[in-house]
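Please consult the sequence and coordinates shown below alongside the text.

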Amino acid sequence: MSQRKFSKPRQSTVLGPGQGLKISSQKVPKGSSKKKDDDESTEIGEGLDEWAQNKVLLKPTDQLELTEADLKEEFTRVLTANNPHAPQNIVRYNFKERAYKPISMVEQLAVHFSLEGHMLHKDSDEARRQRARVDSTEEIVPAESSLVEFEDAEEQMEATDESLKTDSVEPAEVIEIASKGKKEQKLTNQFNFSERASQTYNNLNRDRASQTKAPPRATFSDSANQWEIYDAYVKEVQLQEKAKEKQKPSAKKEETIQKKIALEYQGDDITRVSKSSKIVERMVNQNIYDDVAQDFKYFEDLSDDFRDQEGTLLPLWKFQYEKAKRLAVTALCWNPRYNDLFAVGHGSYDFLKQTRGMLLLYSMKNPSFPEFAFSTDSGIMCLDIHHEHPYILAAGFYDGNVAIYNLKKPSSQANYKSASSTGKHTDPVWQVRWQKNDMDNNLNFYSVSSDGRVVSWTLIKNELVYTDIIRMTVEGTTSDKPEALQLHVIGCGTSFAFHKQKDHLFLVGTEEGKIHKCSKAYSSHFLETFNAHNMTVDAIRWNPFHLKIFISCSSDWTVKIWDHTFNTPVFTFDLNAAVGDVAWAPYSSTVFAAVTTDGKVHVFDLNINKYEAICIQAVVAKKKTKPTHLEFNPIYPIIVVGDDRGQVTCLKLSPNLRKLPKEKKGQEVQKGPAYEIAKLERLLNLVREPSGAETK
Amino acid sequence: MADADSKKEEADYKRVHSFPLIRQSDMPEEMRMEAMELCVTACEKYSNNNESAAKMIKEAMDKKFGSSWHVVIGEGFGFEITHEVKNLLYLYFGGSLAVCVWKCS
């Protein structure tokens with residue numbers, strides 16, 4: 001069904017009057033004009049579709065009876081667009097011309113039929129209004145959704161009816177409906193539809209505020225006035241002055257401390273724990289050698305009481321170092337400051353088997369491992385520790401060099417060493433001895449070597465400067481022979497000893513058995529020469545108490561005690577083996593000990609026995625091992641003995657060996673150097689008198 | 001003679017005691033040094049006008065360490081102040097002046 005406007009071409013009556021008449025006759029029934037047309041068309045159609053329509057012609061009663069001729073008469077009609085009924089003579093008053101004027105343009109339109117359709121274009125306002133209505137009704141009856149389609153049509157019909165009826169509905173209502181209408185919804189699948197969206201809870205917004213603490217405050221009160229200010233200043237000035245006085249030493253201290261700290265921090269990880277590890281090492285050793293330490297401190301050989309005069313030696317620790325196992329002990333020296341520490345020089349006395357050397361420092365607190373260890377290319381032959389600086393150590397080597405070691409400086413090499421250009425000895429250095437500092441307060445020491453020289457070494461500005469003190473010849477100062485015949489056969493010094501009080505006076509023992517009494521003042525002359533021994537003089541030592549007495553030992557099996565003012569020995573002892581070393585005891589003027597190559601230590605106390613040792617004891621484990629050196633500890637009643645296998649044995653002297661002579665009852669026990677001197681003097685007199693009488 | 005002596009002594013005293021002497025301070029080291037220098041400069045610049053010196057110190061301190069500094073300079077005065085911790089300096093200067101600098105807002 002579509003909207004349709006019917007407009008019929010108007011019949012014009014312009015053509016022929018006859019026609020016009022006819023038409024008019026035809027036209028009389030105005031309402032049937034259409035019918036006639038229809039009839040005509042049907043008539044036309046009759047001819048074509050005769051078979052389909054078997055109809056009887058219905059004729060109006062008043063139809064003109066026309067003859068055949070009339071019927072066949074053709075009328076030509078021209079159809080125009082002019083309305084034949086339109087008035088053609090309309091006039092209107094023209095105000096302009098003040099006259100009636102005919103109007104040429106006439107309305108030609110004629111409406112014959114009009115039908116209002118109920119189809120609406122969907123975009124039209126009405127359609128929209130309808131839809132809005134439909135939606136609202138749908139909302140109201142959602143249950144009837146299945147009938148929607150069905151009803152839609154109905155509703156539309158209704159709507160059109162309504163809209164037709166309510167064409168005059170207030171516009172406000174229409175607008176209301178339109179605004180109520182929801183937006184066009186997307187149609188959903190009604191059978192299988194699920195909403196995807198979901199809604200979560202909204203977190204509540206909360207306000208949070210905090211307040212910081214006010215910056216802390218403090219109160220301060222004081223009063224300022226002139227006298228207070230004055231007092232404060234005076235006090236401050238005084239303090240400053242004091243500080244200035246202190247500053248110099250303290251600054252130095254700080255520096256050294258800083259240096260120390262720097263050194264500590266410089267070390268790697270191992271050195272950082274070195275201190276604690278050392279403590280642990282000491283603790284372990286203390287536990288291991290607890291019994292030995294107890295013996296060292298408290299054990300006194302009770303059997304001495306029954307032995308009357310003889311004594312024994314109790315072996316305590318044995319010191320040995322893996323790296324110095326095959327090296328003979330060539331030197332021993334107690335540290336003058338630290339009584340538990342001693343230095344051991346390792347080398348070899350065998351001319352054919354000269355190898356490297358070793359300098360070790362052991363502590364009695366740690367017998368298992370040396371505190372310090374230095375490796376040397378040449379064997380060490382002698383050692384001496386400085387009395388004022390117990391960390392400075394002089395050493396003489398088999399190759400003739402001398403060197404100074406500083407234990408404070410952690411280096412594996414000697415700090416100062418002589419060189420061939422700086423007057424080193426050409427033969428082994430047999431002994432070194434520190435001297436008092438010279439006039440410029442430089443450290444200096446003497447050395448003696450078998451090249452016949454006694455050399456003084458002075459440490460000036462990190463350099464060892466040498467001065468020859470004495471050059472020895474075999475014959476001393478023989479000038480009788482003609483010069484051509486004079487053979488400068490050098491005398492080989494093997495040991496020396498410096499007088500305790502007379503700085504210039506010293507003794508030199510030689511390889512040929514002579515002992516020269518020399519002075520630092522005369523370089524070419526000996527004050528005196530003792531024909532002491534038949535073989536090498538191995539050691540010479542002054543008596544620590546009696547200033548005139550010295551002792552010497554030699555490979556010719558003898559130990560001799562001399563008064564340096566006499567040419568002949570005061571005592572002579574034959575020990576039946578080459579004597580390696582001899583030493584006075586520090587506690588008594590009459591006690592000395594000697595080691596012999598047959599492995600024994602001989603301890604003498606002249607006060608008890610002038611002829612025989614009061615203790616002869618083998619101190620080495622194997623028969624072949626030869627003890628080489630011995631040294632008394634300056635404080636404790638112990639000695640250390642070194643042997644040619646690199647072992648150092650510590651021995652404790654039994655009470656008899658360090659016995660003070662029992663005085664008669666009622667008298668005080670005398671002590672002190674004066675008494676010691678007197679004791680020895682008395683003995684000397686006993687010996688001397690007969691001999692003195694003889695010489696007289 | 002006595003007069004001359006005393007004068008000489010006084011001059012000596014002035015000379016010897018010309019340095020700043022900090023009596024009380026809880027400032028950090030750096031700040032203290034700076035404040036002290038400032039006090040010395042101000043007191044030397046306005047040696048006969050304590051007010052100007054105090055003003056100078058206060059303004060400079062405000063600029064350097066934030067506002068609300070207070071400065072008292074005088075030869076004799078007593079005080080009890082409330083100050084923000086780490087912001088107090090009390091020193092003597094030139095043998096006769098006391099300077100108190102503190103911050104409190």
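In what order do the four strands of the open sheet with antiparallel pairing that includes β5 of chain A stand? The order is β5-β6-β7-β8 (chain A), and the pairing is antiparallel. The model is predicted, so to speak of local features requires pLDDT of at least 70, while side-chain atom pairs count only at pLDDT 80 or more, and totals for chains, interfaces and linings use all residues. Residues are numbered from 1 along each chain as its sequence is written, chains are lettered from A and ligands numbered from 1 in the order in which they are written, and side-chain values use heavy atoms, with hydrogens and water left out.

- Strands (E, at least two residues) and helices (H or I, at least four) are DSSP runs, numbered from the N terminus; two strands pair if DSSP finds at least two bridges between them.
- Because β5 (328–334) and β8 (372–376) of chain A are at the edges with a single partner strand each, one side of each has no neighbour in the sheet.
- From one strand to the next, the twist averages 15 degrees (axes are lines fitted to C-alpha atoms, and angles run from 0 to 180 degrees between N-to-C directions).
- Five bridges hold the antiparallel pairing of β7 (residues 357–363) of chain A with β8(A); L359(A) stands opposite F374(A) in β8(A).

**Sheet β25-β26-β27-β28 of chain A**

- An open sheet of four strands, paired antiparallel, has the order β25-β26-β27-β28 (chain A).
- Its edge strands, β25 (579–584) and β28 (615–618) of chain A, each pair on one side only, and the twist averages 15 degrees from one strand to the next.
- The antiparallel strands β26 (residues 591–596) and β27 (residues 600–605) of chain A are joined by six bridges, with T596(A) opposite K600(A) in β27(A).

**Contact between chains A and B**

- The contact (heavy atoms within 4.5 Å) takes 21 residues from chain A and 30 residues from chain B.
- About 2,100 Å² is buried between the two chains, 63% of it on carbon and sulfur atoms; buried area is the accessible area (1.4 Å probe) that two parts lose on being put together, summed over both.
- F19(B), L21(B) and Y92(B) supply 22% of the area that chain B buries against chain A, more than any other three residues.
- Between the chains there are zero salt bridges (a side-chain nitrogen of Lys or Arg within 4 Å of a carboxyl oxygen of Asp or Glu).
- Residue pairs in polar contact number 12, with both residues at pLDDT 80 or more; a polar contact is a pair of N or O atoms within 3.5 Å, where within protein one must be able to donate a hydrogen and the other to accept it, and residues adjacent in sequence count only if both atoms are side-chain atoms.
- β3(B) gives eight residues, the largest share of the side of chain B that touches chain A.
- Strand β3 (residues 217–224) of chain A pairs with β3(B) in the antiparallel sense over eight bridges, and F220(A) stands opposite I81(B).

**Surroundings of D62(B)**

- D62(B) belongs to helix α3 (residues 50–65) of chain B.
- The side chains of D62(B) and K58(B) are joined by a polar contact of 2.8 Å.
- The D62(B) side chain also reaches the backbone nitrogen of W69(B) at 3.1 Å.
- Leaving aside residues up to four places away in sequence, D62(B) touches S67(B), S68(B) and W69(B).
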